[in-house]
Amino acid sequence: MRVERIDRLPVEASAVRAEGRAPAWALPAARASLVAADALAALACFTGAFVMREGSRVVVSHAGGGWAWSARFAPYAAVLLFVVPLRLLVNVYYDLYRLRGEFSYVDDAARVFKSTAVASLLLVAVAFLYRGGTQFRAFSYSRAVFALDFALALASFGFLRLVARAAQSSFRRRGINLIPTLVVGRGAEAELCIREMRDRPELGYRVIGVVENGELGAGAAEEYEGVPVIAGLSRLAEAIRETRANEVIITDPKVPGDLLFDVMMRVGRNRGVEFRIAPSLFNFLPRKTEIDQIGALPMIQLFREPLSGAARVSKRGFDMVVAALALVLLAPVWLVVAALIKLDSKGAIFYRQERVGMDGRVFLFLKFRTMRAGADDAAHREYQRKLIAGRPDTNLGDDARPVYKLRDDPRVTRVGRVLRRLSLDELPQLLNVLRGDMSIVGPRPPIPYEVEAYELWHRKRLDMKPGLTGLWQVSGRNRLSFEEMVRLDLFYIENWSLLLDLKIILRTLPVMLRGDDAY
């Protein structure tokens, strides 16, 4: 995409315009190709399931030429007429052909599973109710054929989505298939939004302009975080039309609601424009709310307890199963890591440290040792104190790529650097999970001297067991400031579910493979 700056004073002038780097037919062609591939996969899976189960041919040739369905496949051929339409229609229903905007491999996998399962159930209903009209009324269909068809279709559709998304991510890193986006407002939320979309083009967005919450004066800054400031709030509707933006993200909670509603009515969905609100720390309601009434007054009651009794039991059971399986599967990795630590430097294999858990309880935290024995933690204490206080000098990177972590720490060993990069030093925390001190997913476990520097609202993150991984770890890790990390922790606590835990676990694996710095 190309950003073009033109004079912003006349209403009819284009302030910022993003021109596509791919022809207009490219996205429809990609979508059509995916539909065609799904259709072929649906046919191949159904016929393949029959061959695998029955061991018989699908078609036979006549002596005089031509071909026909084999006698054993003929009843299934009557169902074959419904296979492709049903699979494609259910895929459309579950939005599996959307190629614009953000995507998640986990969400894609969930939608593929739902679509495949629903379509398979409909096919079973067709087979046992329709039966080819009256022709195969007495025929008994094999349930194994439909079970195999489900498994093959699930694997095929999942593989096709994986290939499509990988190609899409590759194009987006080159600036193709990005949604032109306007950000309304300035401040921490706007800065984080712009930075995240710039650093992660695979999300599918490109911020092309900033709209000021107010009017642009003569001395107004022309750029914010490297993005042109194109208009004041009163010209938001005109800015959307002139820039051809498809997404508007409101980051300032002070934007007047009536003005925003008016803009949405004037340039909303009829122009293909989506509006989103980026919530600030205390400007959003958690999902876990209850509608109550006191007399004639309707009230929204927020959950004071992060997890109910049933939720605690289910989360604990999930943690036990995952931790036990991980310990068994990763046992060889433990042996290799232990040997490398011993060969690299003197000292114990494990590092034990006091950490603060749920409700402020202190527990003994386990890690593979990555530092030299007897290393002084004074530098880390001082850095953490500044980080929690929000000091700007704690950013050891730059404005474009911030880093909130001590770099080139001389205490870390050679093997330790590799273990930290791959997060393998965290594996012993599985034992903390089994003991009940930690959870698989949760806030980062703080050190007692960190908690001493907390403000009152920071302590809210101690309302849940700390985790081996968490929302912070898969959302930027050391690129996020301490306050941003706390916001993510509070969001996780207020919106916890087993599905959210599963999503975070699956998103942790790519983070580990990329070698992002661990905490």
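Helices and strands are DSSP runs, numbered from the N terminus, a helix having at least four residues and a strand at least two. The legends below describe a predicted model.

**View 1. Ser345 in the loop between helix α9 and strand β13.** Ser345 belongs to the loop that lies between α9 and β13, the latter covering residues 350–356. Because buried means under 20% relative accessible area, Ser345, at 14% relative accessibility, counts as buried. When neighbours within four places in sequence are left aside, Ser345 is in contact with Arg369 and Thr413. With Arg369 the link is made by side chains, which a polar contact of 3.0 Å joins to each other.

**View 2. The packing of helix α9 with helix α11.** Helix α9 comprises residues 331–344 and helix α11 residues 414–422; the two pack at an angle of about 150°, and their axes are 8 Å apart. Angles over 145 degrees count as roughly antiparallel, and α9 is therefore roughly antiparallel to α11. On the α9 side, the contact involves Val337, Leu340, Ile341 and Asp344; on the α11 side, Arg414, Val415 and Leu419. By residue class, the contact of α9 with α11 consists of 5 nonpolar and 2 charged residues, with no polar ones.

**View 3. The crossing of helix α8 and helix α9.** Helix α8 spans residues 309–329, and its axis comes within 4 Å of that of α9, the two crossing at roughly 60°. The two helices, α8 and α9, are therefore oblique to each other. Leu327, Val328 and Leu329 of α8 meet Ala331, Pro332 and Trp334 of α9 in this contact. The residues of the contact of α8 with α9 comprise 6 nonpolar, no polar and no charged.

**View 4. An open sheet of 6 strands.** The strands of this open sheet follow the order β7-β8-β6-β5-β9-β10, and their pairing is mixed. Strands β7 (223–224) and β10 (274–277) stand at the edges; each has a single partner strand, so one side of each is left without a neighbour in the sheet. In general, the strands of a sheet pair through backbone hydrogen bonds, in either a parallel or an antiparallel manner.

**View 5. Strand β9 between β5 and β10.** In the sheet order, β9 is placed between β5 and β10. Strand β5 (residues 179–184) pairs with β9 in the parallel sense over 4 bridges. Strand β9 (residues 247–250) likewise pairs with β10 in the parallel sense, over 4 bridges. Val248 of β9 is the bridge partner of Leu182, and Val248 also stands opposite Phe275 in β10. Ile249, in turn, stands opposite Arg276 in β10. Both faces of β9 are covered, with Glu247 and Ile249 buried on one side and Val248 and Ile250 buried on the other.

View 6. Leu34 is placed in helix α1, which runs over residues 26–54. With a relative accessibility of 8%, Leu34 counts as buried. Neighbours within four places in sequence aside, Leu34 is in contact with Leu96, Tyr97, Leu160, Arg161 and Ala164. For Leu34 and Leu96, the separation in sequence is 62 residues, and the C-alpha to C-alpha distance in space is 9.5 Å.

Note on methods: Residues are numbered from 1 along each chain as its sequence is written. This is a predicted model: local features need pLDDT of at least 70, side-chain atom pairs count only at pLDDT 80 or more; totals for chains, interfaces and linings use all residues. Side-chain values use heavy atoms; hydrogens and water are left out. Axes are lines fitted to C-alpha atoms, for helices over the stretch in contact, and angles run from 0 to 180 degrees between N-to-C directions. Angles under 35 degrees count as roughly parallel, over 145 as roughly antiparallel, 65 to 115 as roughly perpendicular and the rest as oblique. Contact means heavy atoms within 4.5 Å. Ala, Val, Leu, Ile, Met, Phe, Trp, Tyr, Cys and Pro count as nonpolar, Asp, Glu, Lys and Arg as charged, and the others, Gly among them, as polar. Buried means under 20% relative accessible area, exposed over 50%, partly exposed in between (1.4 Å probe, protein chains only). A polar contact is a pair of N or O atoms within 3.5 Å; within protein, one must be able to donate a hydrogen and the other to accept it, and residues adjacent in sequence count only if both atoms are side-chain atoms. Two strands pair if DSSP finds at least two bridges between them.
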